[in-house]
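I opened this notebook to keep track of what I looked up, entry by entry. The entries begin with a single loop residue and move on to sheets, helices and charged pairs.

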Amino acid sequence: MTPALTKAVPVEKSSISPQEKSPEFIKEDQLETERHLKRQQALKKRFCSGWVLACSVVFFGSSLSLAIALLTYYKNVSLREVQDRALLDQWEISLHQIFASYDLALYALVSYASGVNGNIDGESFRLHSENILSILGENDPENLGYFKFVNISEKQDYEKESLDYVLSRLGENTTLEWNKEIAQIPEEFQRRTEFYPSYCPDECFYPIQYVEPLTSNLGAVNFDILSRPDRQKDLSLARKFGRQLSHPFELFQDQVGDDGRIPFSVALIRPVLNTLDFVDIIIKFDTVLKEITKSSSPGLVTILHQTTKDIGRKNVEFVGGTEVNENLESSFVWPPVNYHELIKQDGIIGSRRIDWSGETLFVTLRRDYIDRSYLVTAVLIAFLGIGMSVVLAYSFFIHEKSVAALTRSKIEAKNAKVIAVERARTEAEKSLNEYIAHEVRNPLSVAYYALNFVSGTLVTELKTSSVRTRESIEHDLHLVGSSLQYIHELLNNMLDLNQTKTGIFKLEERPTNIRDDILQPVKDLLHRHTSPFDMKVLCPASLYVNVDPLRLKQIVLNLAKNSTKFVETGFIRLTAKKLSDEEICITVDDSGPGIPDKIRQNMFQKYQFIGDRLRQGSGIGLCLCKGLVDAMNGTITLREDYDSGVPGHPGSSFVITIPRRELSLSEINSVPMSRQDSVKFNAHLKIDIGRPLRILIVDDEVTIREVLKKTLQSIISKVEFAETSTGESAIELVRNNELQLRNDPGLLNAPDIGGYDVIFVDQFMSGSSLLMPYTGEETIRFLVSVRAQHEELRRPFTKIIGISANTCKDLHISAGADEFVRKPLPPPVEIQSSIVHLLPLPPVAKVLVVDDEQINVVITERVVQQCVPPGWTYSSATSGEAAIDLISSQAFDVIFVDKNMKNEAAGYKLDGSDVVNFLRNNPKSKSKNAVVMHISGDIAHVTYGDDSQDNEFFLGKPLPSPSELSKLLKRGLYLS
């Protein structure tokens, strides 16, 4: 490859005085003393302003970071509160459903007992109870019971019958202790109250005749309900109202826990119709709450209270509660919590009232603490923002301090030492640029990609959240991303500005088409269909000059971007023309509000804001443009007599004059191309995927098919063609191929539409029948439908490219095409670029990442993983020596290598260029043909896109987006 024409802008070395050489010191000798005093004052002001600027950056950066962190924290807390309230509503519904199931279960048991007029035997009761418990499933109650009315005269017969039943269930080995204590109805506990049954003038009993499950509730058999006054009341109310929910009580089998907790139970009681008997269902609310709250989050406490409707909330009783700790372990609440004190506590999410069976229940949700991850996230965001602010402020301060020190030494130096001092200043500025490029860009890259990873995770996690919550969090993430992007652009501008001021700036000039390479790309980058203005490009198509296209485009982009900030209506116009045989002129005109007269004089100095409404930007854009134009020996001015012609919008017009002559066609062809053009138009580079590329061409014109085949043969190493003249025949061909593929297991990995890698489809074809022939759009839709028929096989995608002499791009793309090419066919290199970008990356490849910073290795691997198949494997080395050892023992397909790794203090003497030299030239290297991605923090060494030499690319920090990186990998792997 022929290297690019490189023009350096060096520090002048001549015999003239230092004052004549350096513009900053052009003063008369007789004013030396006065100049010294003025410079000293300026240095003090500059030093103070540097301190003020550094402190301001830290203050505003820290304030912004803290604000974003607090906003993120409170948004998360608000989201948690919404989720908690939704959870409370869900639990209220669950309790209603559970209580309804208990009502139905008890009603079924009452219906059965009423149907037999209370003549129920133990076995029938057991069978019905077991059926009911199995239906209730996870919400099964503690037990089901049957209360038998027994008169004093029937007591002995009842006790004998009860003993016989229990012995038949439990066997003859039942102990005599049970016979004495449980088989008999106790009489000593009865005490008549106002609720004692009026139909029982003599002594009577209500023993629990049957209970299921029996084994775990044996102690309750024959317990007399009338022995407790509160249960007398429950039976009376149940008889009166048809059902009754009892007050909390303790079961016989329940024991007091180690923490003193008493498990409370309640009974839902119903009378048996046409009898004096009752049935009940025993419920433990602790168990019910634990079941419905098992999916709750840490810190949630759920508490249930009970009261009666007629009493209101005066006598509210605690019946149970659960709480979840940080380990997601659920436990019961104890001691009991007073309801009236509970609702006054902090952290209450809400309380819901549930009316059931004559009683009122209150379920209350309280959060004791918030998930610590919210606070951790907020703290990380705050520290990240503050850290970046401190780094940037420190860079500003060091820069200003360094410039001030060098300026002071130059003032105090004599004329004979000025050149040496300037050389030292140049070296200091170069070191400062390298320091900022390496030390600031690395953490900036980490922050940028960490934000991308966190954003992706949050988008996935918040799919079930409300639209408002998602939009709010996405807005917060966008603010952080915009701030990081602003810092990145500001840093690049600062470095470029310093290079132009210190004389180490280099221009890489080559023949450049001003319209296609400079003005049109700027328009494409800035203009949107929603823009309130029109953007025009006025330039001859044949205007070629020898300039640095990257820097000239940077100048025009800065000026045009300033215009987009202020133009509200009208236009932005980019114009280029030849002024004379030795000069060209580029103008950027707009219909904005214009530039106030008071700032025109100093607008090309640093930290000057051209807008009079908002201080938008960093204030160094115009200063950078001036420095770049000066490096090209040109001039940049603002037209004083310009008027846009739009009423109320005088506008502004920047005129750039560059001493370059227009190149003739013979000169363009005779001048050696730069490295970028050598790759872009190199005819020997062909697509090679390791096997023949299978291509189907669908076009009714034989000439077009032949031209396309020859074109493809010139850009593809191995290719197999199939061709048809109609959409119908193409469809038939694909169908036949699919049948063959399905019958041959070895071809299941072939591309998913007929086994073709690429299909070119024309729009209008004549057809071969009397019916209306298929158009290209209809053919494409059918071909895409073939893919859906075997989507589960996960075969590689066939790429479809539409072609037409008409404007059918939208039709083809909407039908499913991946790309569109308009006739006449573009140059081969454009077709080659389209095919390469459409091809999938190889399913398997070995990657080596070489960087002396481990965090950069991790970031590089994660970025690569976002754009390559999962079958790619990765190795890493943190020094040039370690990388050479790996290259000598293994063959790698892709190698990412940092340019600056040399660290002699740590014993590492090799940098990235040494590693690549060994890779390409040493016989021990096993990766001579690997694709090499050079990584550098210096923008002067960065060339994206087509700027490559064979299979080597030069990337900057941060790395390009995954989509751009994927394009580079495809170009390196497939072009040879």
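**A loop residue**

I first looked up Leu-214, which lies in the loop between E5 and H6; helices (H or I, at least four residues) and strands (E, at least two) are DSSP runs, numbered from the N terminus. I note at once that this is a predicted model, in which local features need pLDDT of at least 70 and side-chain atom pairs count only at pLDDT 80 or more, while totals for chains, interfaces and linings use all residues. Residues are numbered from 1 along each chain as its sequence is written, and side-chain values use heavy atoms, with hydrogens and water left out.

Is Leu-214 buried or exposed? With a relative accessible area of 4%, Leu-214 is buried, where buried means under 20% relative accessible area, exposed over 50%, and partly exposed in between (1.4 Å probe, protein chains only). Not counting residues up to four places away in sequence, I find Leu-214 touching Arg-169, Leu-170 and Val-221, contact meaning heavy atoms within 4.5 Å. Arg-169 is 45 residues from Leu-214 along the chain, and their C-alpha atoms are separated by 8.7 Å.

**The antiparallel sheet**

Next I traced an open sheet of five strands in the order E5-E2-E8-E7-E6, with antiparallel pairing; two strands pair if DSSP finds at least two bridges between them. Its edge strands are E5 (208-212) and E6 (244-245), each of which pairs on one side only. Between strand E7 (residues 266-271) and strand E8 (residues 278-283), which run antiparallel, I recorded six bridges, and Pro-271 stands opposite Phe-278 in E8. Helix H6 (residues 229-241) lies across E2 (143-147), E6, E7 and E8, running at about 45° to E7; axes are lines fitted to C-alpha atoms, for helices over the stretch in contact, and angles run from 0 to 180 degrees between N-to-C directions.

I then turned to Phe-285, placed in helix H7 (residues 285-292). Phe-285 counts as buried because its relative accessibility is 1%. Leaving aside its neighbours within four places in sequence, Phe-285 is in contact with Phe-99, Phe-264, Val-266, Leu-304, Gln-306, Val-319, Trp-356 and Leu-361.

Another open sheet of five strands has the order E22-E21-E23-E24-E25, with parallel pairing. Strands E22 (719-724) and E25 (819-822) stand at the edges with a single partner strand each, so one side of each is left without a neighbour in the sheet. From one strand to the next, the twist averages 20°. Five bridges join strand E23 (residues 758-762) to strand E24 (residues 799-804), which run parallel, and Val-761 stands opposite Gly-802 in E24. Helix H19 (residues 702-715) lies across E21 (693-698), E22 and E23, and runs at about 170° to E22.

Which residues form the covered face of strand E15 (residues 534-538)? I found Met-535 and Val-537 on the covered face, with Asp-534, Lys-536 and Leu-538 on the uncovered one. In a regular strand the side chains alternate between the two faces of the sheet. Five bridges join E15 to strand E17 (residues 571-580), the two running parallel, and Lys-536 has Arg-573 as its bridge partner in E17.

**Charged pairs**

How many salt bridges does the structure hold? I noted 30, a salt bridge being a side-chain nitrogen of Lys or Arg within 4 Å of a carboxyl oxygen of Asp or Glu. In one of them Glu-130 meets Arg-126, the closest N and O atoms being 3.0 Å apart; the two are four residues apart in helix H3 (residues 122-136), and are therefore separated by about one helical turn. Glu-130 is partly exposed at 37% relative accessibility, whereas Arg-126 counts as buried at 17%.

Asp-164 and Lys-160 also meet in a salt bridge (3.3 Å, N to O). Asp-164 is partly exposed, at 40% relative accessible area, and Lys-160 counts as exposed at 57%. As a last entry, I recorded Arg-705, Glu-706, Lys-709 and Glu-723 as linked in a network of salt bridges.
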